[in-house]
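Student: I have a structure open on my screen and would like to learn how to read it. Could you take me through it feature by feature?

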Amino acid sequence: IRLAVLASGSGTNLQAFIDAIKSGELNAKIALVISDNPDAYALTRARKNKIPAYYVGREKFNSREDYELKMVKMIKEADADLVLLAGFMRLLSPVFLHHFPNRIMNIHPSLLPAFPGLDAQGQALEYGVKVTGCTVHFVDEGMDTGPIILQAAVPVYTGDTRDELAYRIQMEEHRIYPEAVRLYQAGRLKIDGRRVIILPEEE
Ligand code: GRF
């Protein structure tokens with residue numbers, strides 16, 4: 001399977017994929033990494049691993065449509081089968097989504113549908129929940145609303161700072177995101193309306 005990774009930031013999830021591929025846990029190739037942020041450490045991580053990495057800035061394009069179609073073209077030319085959003089801080093419009101039906105995943109640092117949007121870890125602390133976590137889901141037009149593939153729970157401890165909680169959640173992100181791709185690759189994810197059914201492993 002060939003992966004396209006879109007990232008705006010530090011790219012620890014990208015790193016989790018690089019590591020899972022290196023160790024043989026995941027049989028995949030990262031075809032390209034695209035960032036909307038020229039300073040994203042994700043781009044450096046990619047280059048260190050000889051993965052084609054591109055900065056595509058929104059401001060270089062007249063419209064959001066042109067911007068998204070540029071990324072579509074790059075992803076198709078790289079022959080990627082699956083698009084992974086990994087800390088990509090932009091909502092993608094139907095113009096982009098229609099090119100990759102049920103082929104775009106995202107990771108979000110909460111147990112959706114709780115705390116969608118920005119700073120989910122801060123939202124969880126503010127609310128006072130005692131358990132939060134992370135969610136891998138297919139991407140639809142909404143903000144963190146698509147069909148849920150995998151989730152992992154993480155405890156919130158008294159006195160946690162946002163960074164401590166975020167770190168604990170990331171450890172789980174790095175485990176379940178590659179796992180979700182493995183399930184996809186094995187043909188075990190079946191979308192049924194708004195739900196994802198995980199099919200049993202074939203004997
Ligand atoms: C993660 O917390 C992820 O859940 C959210 O953005 C962050 C990306 O982190 N969508 P990284 O760039 O992979 O380190």
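Tutor: Gladly. Let us begin with the record: UniProt positions are given in the numbering used here, feature names are shortened, and annotations may be inferred rather than shown by experiment. With that in mind, the unreviewed UniProt entry lists residues 2-181 as "domain: Formyl transferase N-terminal". Keep in mind too that this is a predicted model.

Student: How much helix and strand is there over residues 2-181?

Tutor: Over that stretch the chain is 36% helix and 22% strand, and its end C-alpha atoms are 11 Å apart.

Student: Which domains does the domain assignment give for the protein chain?

Tutor: Domain bounds come from an automatic or database domain assignment. Here the assignment gives domain 1 (1-101) and domain 2 (107-203). Taken over C-alpha atoms, the centres of domain 1 and domain 2 are separated by 19 Å.

Student: How many residues of each domain are in contact with the other?

Tutor: On the side of domain 1 there are 16 residues, in contact with 13 residues of domain 2. The elements giving two or more residues to that side of domain 1 are α1, β4 (82-85) and α4 (94-97). Of these, α1 gives the most, with five residues. By type, this side of domain 1 divides into 13 nonpolar, two polar and one charged.

Student: Then let me look at α1. How should I think about a helix, and which residues of α1 are buried?

Tutor: An α-helix has 3.6 residues a turn, so residues three or four places apart point the same way. In α1, the buried residues are Asn13, Leu14, Ala16, Phe17, Ile18 and Ala20. Their cover includes β1 (2-6), β2 (29-35), α2 (41-48), β5 and α6. After α1 comes glycine 24, with a positive phi near 85°.

Student: Which residues touch the most other members of the largest nonpolar core?

Tutor: Ala4, Val5, Val33 and Met105 do, in a core of 56 residues. The element with the largest share of this core is α6, with seven residues. Both domain 1 (1-101) and domain 2 (107-203) give residues to this core, so it lies between them.

Student: Now the ligand. Which residues are closest to it?

Tutor: The closest are Gly9, Thr12, Asn13, Gly87 and Pro109, out of 15 residues that surround the ligand. At least two residues of the shell come from each of α1 (12-22), β5 (104-108) and α6 (162-185). The shell divides into six nonpolar, eight polar and one charged.

Student: Why does the ligand shell lie between domain 1 and domain 2?

Tutor: Because domain 1 (1-101) and domain 2 (107-203) both give residues to the shell around the ligand.

Student: Where does UniProt place the feature "active site"?

Tutor: The unreviewed entry places it at His108. You will find histidine 108 in strand β5.

Student: Is histidine 108 buried or exposed?

Tutor: A residue is buried if 20 or more other C-beta atoms lie within 10 Å of its own. Histidine 108 has 23 C-beta neighbours inside 10 Å, so histidine 108 counts as buried. Not counting residues up to four places away in sequence, histidine 108 touches Ala120, Cys134, Thr135, His137 and Asp144.

Student: What should I look for in the backbone angles?

Tutor: Most residues other than glycine have a negative phi, and most peptide bonds are trans. Look for the exceptions. Aspartate 79 has a positive phi of about 60° although it is not a glycine, and its place is the loop between α3 (64-77) and β4. Aspartate 79 has 11 C-beta neighbours inside 10 Å and therefore counts as exposed. Aspartate 119 also has a positive phi, near 50°, and lies in the loop between β5 and α5. With 14 other C-beta atoms within 10 Å, aspartate 119 is partly exposed.

Student: And which residues does a cis peptide bond join?

Tutor: Leucine 112 and proline 113, with omega about 15°. Proline 113 lies in the loop between β5 and α5 (120-127).

How values were computed:
Residues numbered from 1 in each chain as written. Predicted model: local features only at pLDDT ≥ 70, side-chain atom pairs only at ≥ 80, totals over all residues. Near = placed C-beta within 6 Å. Helix = DSSP H or I, 4+ residues; strand = E, 2+ residues; numbered from the N terminus. Nonpolar A, V, L, I, M, F, W, Y, C, P; charged D, E, K, R; others polar. Core = buried A, V, L, I, M, F, W, Y, C linked by C-beta atoms within 7 Å. Buried ≥ 20, exposed ≤ 12 C-beta atoms within 10 Å, placed from the backbone. Contact = placed C-beta atoms within 7 Å.
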